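Here's a quick tour for anyone meeting this structure for the first time. Have a look at it, then read on.

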Amino acid sequence: ISTLILAEHDGGTIKSQSISAVEAAKYLDDQTSISLLLAGSGPPLQQAAAHAASCHPSISQVLVADSDKFTYPLAEPWAKLVQLVQQKGQYSHIITASNSFGKNLLPRAAALLDVSPITDVINISGSSQFVRPIYAGNALCTVRYIGSNPCMLSVRSTSFPVSADSKSNEAPISQVDLSTFDEDSVGKSRYVSHTAQDTERPDLGNARVVVTGGRALKSAENFKMIEKLAEKLGAAVGATRAAVDAGFVSNDLQVGQTGKIVAPELYMAFGVSGAIQHLAGMRDSKVIVAVNKDSDAPIFQVADYGLVGDLFEVIPELSEKLPEKK
Amino acid sequence: MKIMVAIKRVVDYAVKIRVKTDKSGVETQNVKMSMNPFCEIALEEALRIKQSGLASEVVAVSMGSTQCVDTLRTGLAMGADRGIHVESTAALYPLTVAKLLKALVEVEKPGLLILGKQAIDDDCNQTGQMVAGLLGWPQGTFASKVLLDKEKQVATVDREVDGGLETLCLNLPAVITTDLRLNQPRYATLPNIMKAKSKVVKKYTPQDLNVEVKSDLEVVEVTEPPKRKAGVVVSSVDELIDKLQNEARVI
């Protein structure tokens with residue numbers, strides 16, 4: 001068993017989700033040799049390679065593809081690169097993180113290699129059996145891979161936390177020979193720009209705390225109470241589909257089956273009834289708090305702490321009494 | 001320019017799914033089925049592009065059992081001009097679907113292929129990227145904004161990526177997969193539902209398209225996720241804060 005990790009770097013360091021992918025590889029077989037593939041151009045790439053070489057004790061080598069074609073992580077050149085590296089390395093497994101980088105790239109590379117990838121893996125038992133959530137986590141599907149090599153996976157980083165004692169030796173770094181790189185379909189897409197979201201507030205998908213408001217907030221004006229409370233907690237703001245449909249907030253804040261799937265340490269739901277499609281988006285949260293006037297609301301069935309009360313009284317009181325974020 | 005849109009028939013998003021007792025899958029018999037929400041967004045985008053005069057025809061494609069034709073009719077009622085149904089009783093995995101779509105693209109020659117970013121049943125999030133790879137077309141996945149330039153033959157796509165938006169410029173023909181924010185799909189009106197009944201749905205089989213239906217995966221079992229243990233009801237804000245600080249230790 002030999003594994004190739006498709007890694008993402010940012011400003012010279014390997015992203016933590018990519019290190020989780022290394023952690024996941026250890027579950028395939030404890031003897032697996034792990035190669036980490038990085039692509040980019042210039043000094044940031046070389047810095048990232050140096051970081052990669054010592055970021056996890058299980059990495060046995062770092063492969064670096066240095067070219068202007070890889071300055072931005074576009075799917076088209078990356079997929080071709082994976083195909084090229086796989087032809088030379090004949091890996092049994094290829095793993096990447098299930099984030100926007102991995103989701104964009106892995107299926108395209110898999111199609112070029114004529115294999116079916118398995119996305120969003122949360123559990124690995126041996127080299128060919130994997131568990132992944134389906135129906136937004138309302139069911140878990142265990143699948144066995146019976147196709148030819150490579151078996152390609154994207155893994156949820158929250159399911160493969162990186163152990164703290166990552167003291168490691170320097171893995172050797174080698175350059176990928178790009179002389180046979182196939183330019184076909186490269187250059188048909190061009191990077192234009194990247195707009196970072198409002199950095200004042202954490203990203204809904206990765207936030208430690210999420211504060212969500214439902215239709216019971218009654219108006220966009222009242223929804224500001226949720227935003228104020230979130231600010232106090234250093235939390236991301238979420239909303240139910242009903243609140244979005246009513247126009248209180250924009251679509252991108254929607255938590256649920258068709259919106260964002262979140263799993264923060266603390267999820268606080270205000271005036272949320274607990275529709276099935278909403279529960280699907282937040283049921284993996286560690287601690288769930290629900291505040292609702294209706295004591296029969298289904299949200300209370302999944303809440304660790306429920307408070308039956310008028311949210312127009314509870315939210316201001318919470319805002320006042322909660323300690324400032326650390 | 002012609003636009004092709006792939007639409008999938010799935011269990012309605014508002015239905016509480018049930019795992020079969022023999023753990024072989026999720027119950028889909030006698031369950032309300034609808035068009036996958038992301039596919040509705042894909043179709044809506046195609047219709048808007050056509051309405052703005054940048055496309056001449058919108059062709060909707062669905063694959064699977066005979067009942068997929070109902071989903072296609074919904075798409076035709078929303079405004080698609082024609083339907084294509086690839087009939088198969090066997091389960092179709094994303095790689096097979098991508099190969100079938102590639103074969104249809106070679107027949108229909110659309111300038112743009114739009115798909116939902118994922119289906120809410122198997123949550124694979126693969127087909128768009130795969131068909132783009134097979135065709136050698138550029139891809140704009142998780143799109144929240146699409147702008148076409150007919151003269152330059154490019155599409156500028158805003159993509160929802162972790163922590164922000166990325167803008168790409170794609171040469172046409174291209175594949176776009178839709179995210180939630182792209183648009184609000186329309187409802188079919190009664191007159192359009194009536195009109196849709198007379199629109200053409202062409203039928204193919206995977207054999208017609210020279211695609212072998214196979215799978216690299218075997219489902220071992222489908223189970224329910226672990227249940228959350230029952231929580232407690234607190235009586236005041238003070239008690240709630242106390243619990244969060246001293247019991248759950250999350251604030």
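## A pair within one helix

In this predicted model, K321(A) and E317(A) form a salt bridge, with their closest N and O atoms 2.7 Å apart. The two sit 4 residues apart in helix 8 (residues 311–321) of chain A, so about one helical turn separates them. K321(A) is partly exposed, at 36% relative accessible area, and E317(A) counts as partly exposed too, at 27%.

## Other salt bridges in chain A

R241(A) forms a salt bridge with D245(A), the closest N and O atoms being 3.6 Å apart. These residues are 4 apart in helix 6 (residues 241–245) of chain A, which means about one helical turn lies between them.

E8(A) and K15(A) also meet through their side chains, at 3.2 Å from N to O. Here E8(A) counts as buried at 12% relative accessibility, while K15(A) is partly exposed at 24%. Over all chains, the count comes to 30 salt bridges.

## Where the chains meet

Chain A brings 84 residues to the contact and chain B brings 78. About 7100 Å² is buried between them, with carbon and sulfur atoms giving 56% of that. Y135(A), T258(A) and Y305(A) supply 11% of the area chain A buries against chain B, more than any other three residues.

There are 6 salt bridges between chain A and chain B. One joins K99(B) to D114(A), with the closest N and O atoms 2.8 Å apart. D252(A), K260(A), E160(B) and R181(B) are linked in a salt-bridge network.

## Strands across the interface

Strand 10 (residues 139–145) of chain A runs antiparallel to strand 12 (residues 217–223) of chain B, and 6 bridges join them. C141(A) stands opposite V222(B) in that chain B strand.

Terms used
Residues are numbered from 1 along each chain as its sequence is written. Chains are lettered from A and ligands numbered from 1 in the order in which they are written. This is a predicted model: local features need pLDDT of at least 70, side-chain atom pairs count only at pLDDT 80 or more; totals for chains, interfaces and linings use all residues. Side-chain values use heavy atoms; hydrogens and water are left out. Contact means heavy atoms within 4.5 Å. Buried area is the accessible area (1.4 Å probe) that two parts lose on being put together, summed over both. A salt bridge is a side-chain nitrogen of Lys or Arg within 4 Å of a carboxyl oxygen of Asp or Glu. Two strands pair if DSSP finds at least two bridges between them. Buried means under 20% relative accessible area, exposed over 50%, partly exposed in between (1.4 Å probe, protein chains only).
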